[in-house]
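Dear colleague,

I am passing on a structure that you have not worked with before, and I would be grateful if you could look it over. My notes on what was found follow directly below it.

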Amino acid sequence: MTTTENAHGGGIARFGVVALDCPDPVALARFYSAITGWPFDPHAGSDGWVQLDPPDGRGAGLGFQKVSSEYRPPQWPGQEVPQQLHIDFDVPDLDEGERRVLAIGARKHEVQPAPDRFRVYLDPAGHPFCLVRA
């Protein structure tokens with residue numbers, strides 16, 4: 001095993017970032033900064049890219065990439081514009097988590113498969129995400 005393989009637990013690479021396409025990377029980064037508590041520097045973005053990283057340096061970051069004005073948000077559960085991914089956030093209290101994400105601009109999705117265990121929301125760019133009871 002090489003040094004690189006050891007550093008990454010035997011894998012090829014370390015998982016670094018999840019990137020979301022959106023029309024306004026700064027606005028979406030602010031939204032997710034409010035959810036995660038991760039620091040946001042509006043001047044750190046360049047060329048249509050803003051990234052949030054965990055302050056302790058552990059785990060993957062969230063990237064926000066500007067796309068054309070023809071951006072179409074994913075539709076869930078429909079497949080006309082599939083979601084392709086979504087992010088789950090663990091919370092100790094679903095009602096309190098809901099109150100807080102709605103206050104910063106999330107919208108509650110009309111489809112709620114298991115609202116006592118997790119709830120589905122849409123971020124300001126229309127990406128689905130879930131709050132999951134921890």
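The largest pocket holds about 250 Å³ of space, where a pocket is an open set of points on a 1 Å grid over the protein atoms alone, with protein on both sides within 12 Å along at least five of seven lines, and where lining residues have an atom within 4 Å of a point. Grid points are joined across faces, edges and corners, and a volume is the space filled by probe spheres set on the points. Of the 14 residues that line the largest pocket, I35, V91, G97, R100 and V101 lie nearest its centre. The elements that give two or more residues to this lining are α2 (25–36), β4 and α3 (94–103), and the largest share, four residues, comes from α3. Helices (H or I, at least four residues) and strands (E, at least two) are DSSP runs, numbered from the N terminus.

Please keep in mind that this is a predicted model, in which local features need pLDDT of at least 70 and side-chain atom pairs count only at pLDDT 80 or more, while totals for chains, interfaces and linings use all residues. Residues are numbered from 1 along each chain as its sequence is written, and side-chain values use heavy atoms, with hydrogens and water left out.

The search of the whole structure also finds one cavity of 30 Å³ or more, a cavity being a set of grid points where a 1.4 Å probe fits but cannot get out. The largest cavity contains about 30 Å³ of space, and its lining is made up of L20, Y32, P74, Q83, L85, H86, I87, H127 and P128.

As for the overall fold, the protein has three helices and seven strands, which follow the pattern α-β-α-β-β-β-α-β-β-β when read along the sequence. Taken along the principal axes, the C-alpha atoms fill a box of roughly 50 × 35 × 30 Å. Buried residues make up 31% of the 134 residues, with buried meaning under 20% relative accessible area, exposed over 50%, and partly exposed in between (1.4 Å probe, protein chains only). Among the contacts with a separation of 6 or more, 52% join residues 24 or more positions apart, a contact being heavy atoms within 4.5 Å.

Helix α3, which supplies four residues to the pocket lining, also contains E98. Is E98 buried or exposed? E98 counts as buried because its relative accessible area is 16%, and, not counting residues up to four places away in sequence, E98 touches K108, R119, Y121 and L131.

The loop between β3 (61–66) and β4 (87–91) holds P73, and P77 is found in the loop between β3 and β4 as well. P73 is partly exposed, since its relative accessibility is 30%. Leaving aside neighbours within four places in sequence, P73 is in contact with V81, A125 and G126, and its C-alpha atom lies 18 Å from that of L62, although 11 residues separate P73 and L62 in sequence. Most peptide bonds are trans, but the bond from W76 to P77 is cis, with omega near 5°.

The loop between β5 (107–108) and β6 (118–122) holds V111, and both Q112 and P113 are placed in the loop between β5 and β6. V111 is partly exposed, with a relative accessible area of 28%, whereas P113 is exposed at 52%. Not counting residues up to four places away in sequence, V111 touches W76, P77 and V120, so that the residues on either side of the cis bond are both among the contacts of V111. With neighbours within four places again left aside, P113 is in contact with W76, F118 and V120, while Q112 is in contact with F118, R119 and V120. Between C-alpha atoms, Q112 and P77 are 10 Å apart in space and 35 residues apart in sequence, and V111 and Y121, 10 residues apart along the chain, are separated by 9.2 Å.

With kind regards
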